[in-house]
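Please read them with the coordinates open.

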Amino acid sequence: MLPRDNDLVLARKQHIKYFQRFLQLIPACLSCYDSTRLTLAFFAISGLDILNALDVLDEEKKKHIIDWIYRLQVVPDSSEPNESWKRCGFQGSSTLITPHNESNCSTIYECGHLAMTYTGLASLVILGDDLSRVNRPAILEGVKALQQEDGSYCATLAGSESDMRFIYCAACICYILNDWSAMDIERTMNFITRSMSYDFGIGQAPELESHGGTTFCAVATLALMDQLNTCFTNKQLDGLRRWGLARQVSGFQGRPNKPVDTCYSFWLGAVLKILGVFEMVDYQQNKNYILSTQDPIVGGLSKWIDTTPDPMHTYMGLCGLSLMQAEGLRAVHPALNITTRAYKHLESLHKDWENN
């Protein structure tokens, strides 16, 4: 049973400390995620921004984080386009960076990863960086090399699945860098269209089960490309709205007949926000569920009630609350998944690039 409404208060100070800890040291229980450390950092950095607490990081700390992120950038071994450009992007951690390969693409293990590149660029934007040290042409070439014949994307040249998740990451990278030359938009749209299921939800790929997370990836990608109404008919969009709204139980479930899970309050909440029907969500029920998963002592939110908090569900839970304009939280851009404050900084960068 969920607690009474008046018992549910956001433990803001505890969540701030929770994110600060993850910017210092990954706990032993999450050591297996070391190779994706950059994404964990993104959850903490953007989480602090949503909590309107980015000022707990002084300028020296921000500079240290920014320099660390740039250290994870895989740079080409030539100023002219060649095969090494296809490996460019951001890695997830410094684990595979050694003095031997620190400044070039000399080993097969040093290559960019779409999810790390997206979260790395987003983190730099959130921290107020001007992206001047980003090798934009090489990163775009790295993104382009990962698109498959069917329009989907692999995460890395080292090998991975190719599905809707990495289409979204590629779209975010293109949007942040203000250059869509790394994406064959027509092929991508075709892949997304074919991935809509009979129930109007969207799966990882064609003929796969509809899923809340991949539905977000598809809808957000189309929103960033400004192609929603081109890709889907009005009937399909209405069906998608119904499917998303039907996923609310108290919080949101990712698929029919599955338990509710904190992160889907953002994944599906953002879909409904983009599609213009978020006001039809039962805010109180959704808020109650999200807050019932928080640890009011050490901070953090979990996917289910009475389970251990983790950075991803903490961040996504706060994003879900932000969509409902919860007191004390900054607004979040539903497609790019950063605060609107950070988004405005990105817009200013785009204007500067266009003028220079």
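The points below take up the basis of the values, then pockets, salt bridges and cysteines.

1. Basis. This is a predicted model, in which local features need pLDDT of at least 70 and side-chain atom pairs count only at pLDDT 80 or more, while totals for chains, interfaces and linings use all residues. Residues are numbered from 1 along each chain as its sequence is written, and side-chain values use heavy atoms, with hydrogens and water left out.

2. Largest pocket. The largest pocket holds about 1,300 Å³ of space. Its lining has 43 residues, and Thr36, Thr39, Phe43, Ala115 and Met116 are the closest to its centre. A pocket here is an open set of points on a 1 Å grid over the protein atoms alone, where a 1.4 Å probe fits, with protein on both sides within 12 Å along at least five of seven lines; lining residues have an atom within 4 Å of a point. Volume is the space filled by probe spheres set on the points, which are joined across faces, edges and corners.

3. Make-up of that lining. At least two lining residues of the largest pocket come from each of α2 (37-50), α4 (114-126), α6 (164-176), α8 (212-225), α11 (264-274) and α13 (311-323). Helices are DSSP runs (H or I, at least four residues), numbered from the N terminus. By class, the lining of the largest pocket has 23 nonpolar, 17 polar and three charged residues. The classes are nonpolar (Ala, Val, Leu, Ile, Met, Phe, Trp, Tyr, Cys and Pro), charged (Asp, Glu, Lys and Arg) and polar (the others, Gly among them).

4. Second largest pocket. This pocket has about 210 Å³ of space. Among the residues of its lining are Phe22, Arg37, Lys61, His64 and Trp68. Two or more lining residues come from each of α2 and α3 (59-71), and α3 gives the most, with four residues. The lining of the second largest pocket divides into eight nonpolar, two polar and two charged residues.

5. Salt bridges. There are 14 salt bridges in the structure, each a side-chain nitrogen of Lys or Arg within 4 Å of a carboxyl oxygen of Asp or Glu. One of them joins Arg330 and Asp49, at 2.5 Å from N to O. Arg330 lies in the loop between α13 and α14 (340-355) and Asp49 in helix α2, so the pair links parts of the chain 281 residues apart. Asp49 is buried at 0% relative accessible area, whereas Arg330 is partly exposed at 26%; buried means under 20%, exposed over 50% and partly exposed in between (1.4 Å probe, protein chains only).

6. Two further bridges. In the Arg165 and Asp163 salt bridge, the closest N and O atoms are 2.8 Å apart. Arg165 is partly exposed at 32% relative accessibility, and Asp163 is buried at 6%. Asp238 forms a salt bridge with Arg241, also with 2.8 Å between the closest N and O atoms. Both Asp238 and Arg241 lie in helix α10 (residues 234-245), three residues apart, about one turn of the helix. Asp238 is partly exposed, at 37% relative accessibility. Shared partners also join the salt bridges of Asp49, Arg330 and Arg341 into one network.

7. Cysteines. How many disulfides does a search of the whole structure find? It finds zero, a disulfide being a pair of cysteine sulfur atoms within 2.5 Å. The closest cysteine sulfur to that of Cys172 is in Cys169, 6.6 Å away, which is too far for a bond. Cys217 is in no disulfide either, with the sulfur of Cys169 nearest at 6.9 Å. Cys172 is buried at 0% relative accessibility, and Cys217 is buried at 8%.
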